[in-house]
Amino acid sequence: MIDVYRALFVGQIQAASQYRVQSVLWMLFSVIRPVIFLAAWVAVANAQGGRVASYDVRDFAAYYVALSLVSNLATSWNAYDFEFEVRMGRLSPKLLRPLHPIHYAVVENIVWKMTTIIPLLIVLGFVAVTFDARFRATPVHLVLFVPSVILGGSLAFLGGWVIATSAFWTTRVHAVSTLWDRAVFIFAGQIAPLALLPGALQTIALVLPFGYMRGVPAEILQGAVDVPTAMLLIAVQAIWVAIFYALLQVVWRVGVRQYTGVGA
Amino acid sequence: MGEPIIDVRDLRKTFRVTERQEGLAATLRSFVRRQRRDVNAVAGITFRIEAGEVVGFLGPNGAGKTTTLKVLSGLLYPTAGEAHVLGFVPWRRENAYLQQMTLLMGNRTQLVWDIPAADSFRVLQEIYGVPDESFRRTVGELTELLELQDLVHKPVRNLSLGERMKVEFAAGLIQSPRVAFLDEPTIGLDVSMQSRIRRFVAEYNRRTGATILLTSHYMDDVVALCRRVIVIHHGHLLYDGPLADLAERMAPYKIITATLRDGAAATIDLAAYGTVTGRDEGRVTLKVDRQGAPERAARLVNELGENLADISVEDPPIEEVIDRVFSEERVGTAT
């Protein structure tokens, strides 16, 4: 499998190199939204004497810088690609090879992140300096961030695949995946850090999986939660990943029987 | 006779399709209640194919050919029936099966669009676990047979349709499959490229002994490659036997073409010898009963004497036979 992944990586890096400008533009686009929210919260905090609950302006800056990084590392666009492949029959050759189609998506996902991470870090460094971001993370937080962001990325990826697999039944999954993306937008910590969501919304966010994709790794990187809480959140992330992995196994097994090979 | 490589028994595939009448009212109604209809794409077909055979799988559009190939390759689950290919149940998609089989569909790409085919070949080598030496040998052979030398290092998106089809063929055969399902392999290609692909398929079959099931709307493909054909229509098997016998079984007539000397065609009434189906200056084409064809031809030679420049007796063109089969749906299996 290592040889397979090596070959897939080489092929994907070659393909991605053809579209590096596009990749960087997508990355910049993904940073714009968190920066807008950052600017909005800074304005709110300044209007309230410099704080909103436990967050001051510099905390917001650290949170949204961390969230931008996590959003990039944990983003997944599988549902859209998968729908295209099902609708155009491009999935068929992949289904007929002795390799599960998910592996191509894993590599594609990782390569995109590899090609955008350096310009992203430069942009985020600039934002952090501009807004005087204050990270409270200890070295332990930084160590815990690694499994947390991997689990967050895995959760987003597997969730995206579960949604994408519904294309076996419906052919088009755009509406479902858009709904999923909106839920990510509301509950994953984009509008506000999970800690600042109003009571009921915060409870819902902590019960649903979305916050564990982005908000949790961002808060760990920012150092907004203490180490025991961070470890508990990582454990919950791992449970969600296990749930979505099991769900994907079932949905895939049933869904692939529905595949009609349209367009192929 | 050993175990068949492909063994299909009473295979059925039914698709449930949604239907809607035209117009706004029907569109609004369809939001609440959808009308569905079952389409029997494959309605119970049975056949066996032995190792090394090249079999033409014929039928009009919508006959169920491609659906059958998709089921046999493992892409689709059947609604009922059994199939074994190389001893495997295809739709279980076991790796051991997928490594020995290929489905090549004309006009469909499996190569990565943005990178040269040579790099896609490398990826496929690893996916199929082809050892380096076999890979080099196979790619070398495919490059030679398909004349790929200049093509494999260009990004696939820069290739013409015919060039892309050739590298698609190579990509589909990297694993040296023992069974190849070819669905319209020459569709959209110019005459010269069609001919090259045909020669390649024949040579590949000869060199490797691979079993090939081929669909094509170009009868030239079938005539060049297949001694045996299976004809299906509306999902039912109409004929399974030698291509050479298809005309004999399905078309109870022969075509006599008589070439007459200057002016004779205008004065001699040939309707007495058979049904005149064409006149082109001195060439007259007659359709005659199959059994009586030799006797009619002999009469033409005797009675026309020196007015006759040339005469031939042939089966009707294969396209005509197939068209007749599709329009009459005569069922029969050669034994």
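## Basis

The model is predicted: local features need pLDDT of at least 70, side-chain atom pairs count only at pLDDT 80 or more, and totals for chains, interfaces and linings use all residues. Residues are numbered from 1 along each chain as its sequence is written, chains are lettered from A in the order in which they are written, and side-chain values use heavy atoms, with hydrogens and water left out.

## The interface of chains A and B

Chain A puts 26 residues in contact with 29 residues of chain B (contact: heavy atoms within 4.5 Å). The two chains bury about 2400 Å² between them. Buried area is the accessible area (1.4 Å probe) that two parts lose on being put together, summed over both. Carbon and sulfur atoms account for 61% of it. On chain A, Leu96, Arg97 and Pro98 (A:Leu96, A:Arg97, A:Pro98) supply 29% of the area that chain A buries against chain B, more than any other three residues.

The side of chain A that touches chain B divides into 15 nonpolar, seven polar and four charged residues. Here Ala, Val, Leu, Ile, Met, Phe, Trp, Tyr, Cys and Pro count as nonpolar, Asp, Glu, Lys and Arg as charged, and the others, Gly among them, as polar.

## Salt bridges

Over all chains, the count comes to 21 salt bridges. One of them joins A:Arg136 and A:Asp59 (3.1 Å, N to O). A:Arg136 lies in the loop between helix H6 (102–130) and helix H7 (139–165) of chain A and A:Asp59 in helix H3 (residues 57–73), so the pair ties together parts that are 77 residues apart in sequence. Helices (H or I, at least four residues) and strands (E, at least two) are DSSP runs, numbered from the N terminus. A:Asp59 is buried, at 2% relative accessible area; A:Arg136 is partly exposed, at 44%. Buried means under 20%, exposed over 50%, partly exposed in between (1.4 Å probe, protein chains only).

In chain B, B:Arg290 and B:Asp315 meet in a salt bridge (2.9 Å, N to O). B:Arg290 sits in the loop between strand E12 (283–289) and helix H11 (293–304) of chain B. B:Asp315 is in the loop between strand E13 (308–314) and helix H12 (318–328), 25 residues apart from B:Arg290. B:Arg290 counts as buried, at 13%, and B:Asp315 as partly exposed, at 33%.

Technical notes
Salt bridge = Lys/Arg side-chain N within 4 Å of Asp/Glu carboxyl O.
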